[in-house]
Amino acid sequence: MSIIDEVLLEEYERSIRISRALENENRNLPKGSIQKKRINNNEYYYLMFRDQGKVISQYVAETDVDKLARQIALRKENQKLLKEQEQSRKKIVKALGREYIDEHSTERI
């Protein structure tokens with residue numbers, strides 16, 4: 001095993017660990033978006049998301065909107081980072097070969 005192969009294998013395993021951490025964090029973060037509705041001249045906020053193909057609307061207190069918006073933004077950033085990690089792993093698999101990674105890697109997806 002060459003040094004380059006070892007470095008790429010370490011990077012592959014690191015990428016898997018990062019992806020797991022991001023996925024675990026996303027489990028605790030809300031998905032969807034915040035919608036503002038005006039009813040009888042009052043503004044109300046709702047968290048809109050899909051669950052089993054249905055659109056769900058949950059009322060959000062005005063005091064919680066900023067916190068919820070930050071959590072949703074964090075989830076979206078995590079999703080972006082997950083895609084980057086996946087692309088990185090695909091490049092490493094292409095360079096080393098799937099068989100080599102399966103044989104030498106201690107981390108599994």
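Which residues are buried in helix 1? In this predicted model, the buried residues of helix 1 are Leu 9, Tyr 12, Glu 13, Ser 15, Ile 16, Ser 19, Leu 22 and Asn 26.

Helix 1 runs over residues 3-27, and its 25 residues, at 1.5 Å a residue, should span 36 Å; the C-alpha atoms at its ends lie 36 Å apart, so expectation and model agree.

Turning to the nonpolar residues, the largest nonpolar core has eight members: Leu 9, Tyr 12, Ile 16, Ile 92, Val 93, Leu 96, Tyr 100 and Ile 101. At least two residues of this core come from each of helix 1, helix 2 and helix 3. In soluble globular proteins, nonpolar side chains tend to be buried together.

Setting aside residues up to four places away in sequence, Ile 101 touches Leu 9, Tyr 12, Ile 92, Val 93, Leu 96 and Arg 108. Gln 85 belongs to helix 2 (residues 65-96). With a relative accessibility of 14%, Gln 85 counts as buried, because the cut-off is under 20%. Again leaving out residues up to four places away in sequence, Gln 85 touches Ser 15, Ile 18 and Ser 19.

How values were computed
Residues are numbered from 1 along each chain as its sequence is written. This is a predicted model: local features need pLDDT of at least 70, side-chain atom pairs count only at pLDDT 80 or more; totals for chains, interfaces and linings use all residues. Side-chain values use heavy atoms; hydrogens and water are left out. Helices (H or I, at least four residues) and strands (E, at least two) are DSSP runs, numbered from the N terminus. Buried means under 20% relative accessible area, exposed over 50%, partly exposed in between (1.4 Å probe, protein chains only). Contact means heavy atoms within 4.5 Å. The expected span of a helix is 1.5 Å times one less than its number of residues. A nonpolar core is a set of buried Ala, Val, Leu, Ile, Met, Phe, Trp, Tyr and Cys residues joined through side-chain atoms within 4.5 Å.
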